[in-house]
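Take a look at the chain below.

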Amino acid sequence: MPVKKKRKSPGVAAAVAEDGGLKKCKISSYCRSQPPARLISGEEHFSSKKCLAWFYEYAGPDEVVGPEGMEKFCEDIGVEPENIIMLVLAWKLEAESMGFFTKEEWLKGMSSLQCDCTEKLQNKFDFLRSQLNDISSFKNIYRYAFDFARDKDQRSLDIDTAKSMLALLLGRTWPLFSVFYQYLEQSKYRVMNKDQWYNVLEFSRTVHADLSNYDEDGAWPVLLDEFVEWQKVRQAS
């Protein structure tokens, strides 16, 4: 999860690097080198008091973990801010804004995870990653990401944020992602609305990489109709 310096500045969830004139998204999926998490005894039950003290290690005077605190938190747990595990954690905490955790979000979410310290959260990493492999959970995470990443005074995602979040969520699993990313790069679209966002996931799950089963008379958004037309022209040339 990218760290924002301001609430309104869109975070970047994936680094984009130049490669022979074509832009490819590099997704951070690793953790910083850290000593193995200490094994937690089953007798060490969750403590709300300990969890609150843990929160205040990162929270500012406004009782919110902001950009600086988030950066320190990521460093302590050994995870890059751009790692998708941070998005899954934010989803578990039901965080409303990218780069920020409120006290209420922290206490409710960490309580559900039964985590009141760094070591316990590190021991939950495999569980958090497993949520991405569950079809239903992934769909919920994907839908959550739209509202999580958008500026709260806007109804749509700006296209750069949309591309970065799509790279984070679909970049490693959707065969057509790099092509779709190139399409968005040259398209007229400057924002992506919620209906378009939801349908991109459905498209990635149901339409073959060669587009052979794409239904032109289906109820797809115009954005995807135009993508298919653009790709077919490229394939024919």
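At what angle do helix 8 and helix 9 pack, and how far apart are their axes? The angle is about 180°, and the axes are 11 Å apart. Axes here are lines fitted to C-alpha atoms, for helices over the stretch in contact, and angles run from 0 to 180 degrees between N-to-C directions. Helix 8 is therefore roughly antiparallel to helix 9. The cut-offs are these: under 35 degrees is roughly parallel, over 145 roughly antiparallel, 65 to 115 roughly perpendicular, and the rest oblique.

This is a predicted model, where local features need pLDDT of at least 70, side-chain atom pairs count only at pLDDT 80 or more, and totals for chains, interfaces and linings use all residues. Residues are numbered from 1 along each chain as its sequence is written, and side-chain values use heavy atoms, with hydrogens and water left out.

**The chain as a whole**

The chain has eleven helices and six strands. Both are DSSP runs numbered from the N terminus: helices are H or I with at least four residues, strands are E with at least two. Of the 237 residues, 48% are buried. Buried means under 20% relative accessible area, exposed means over 50%, and partly exposed lies in between (1.4 Å probe, protein chains only). Contact means heavy atoms within 4.5 Å. Among contacts between residues at least 6 apart in sequence, 72% join residues at least 24 apart.

**Helix 9 and its partners**

From helix 8, Ile 159, Lys 163, Leu 166, Ala 167 and Leu 170 take part in the contact with helix 9. They meet Phe 177, Phe 180, Tyr 181, Leu 184 and Glu 185. Ala, Val, Leu, Ile, Met, Phe, Trp, Tyr, Cys and Pro count as nonpolar; Asp, Glu, Lys and Arg as charged; the others, Gly among them, as polar.

Helix 9 (residues 177-186) also meets helix 11 (residues 222-236). Their axes come within 10 Å and cross at roughly 105°. The two helices are therefore roughly perpendicular to each other. Residues of helix 9 in this contact include Phe 180 and Tyr 183, and those of helix 11 include Phe 227 and Trp 230.

**The largest pocket**

The largest pocket has a volume of about 280 Å³. Its lining has 15 residues, and the closest to the centre are Leu 132, Phe 138, Leu 169, Leu 170 and Thr 173. A pocket is an open set of points on a 1 Å grid over the protein atoms alone, where a 1.4 Å probe fits, with protein on both sides within 12 Å along at least five of seven lines; lining residues have an atom within 4 Å of a point. Helix 7 (135-149), helix 8 (159-170) and helix 10 (194-206) each supply at least two lining residues. Helix 10 gives the largest share, three residues. By type, the lining holds nine nonpolar, three polar and three charged residues.

| Residue | Relative accessibility | Class |
|---|---|---|
| Asp 116 | 1% | buried |
| Lys 152 | 43% | partly exposed |

Asp 116 is in the loop between helix 4 (103-113) and helix 5 (118-122). Its C-alpha is 4.1 Å from that of Cys 51, 65 residues apart in sequence. Lys 152 is in the loop between helix 7 and strand 5 (157-158). Beyond four places in sequence, Lys 152 is in contact with Glu 96, Ser 97 and Asp 147.

How values were computed. Grid points are joined across faces, edges and corners, and a volume is the space filled by probe spheres set on the points.
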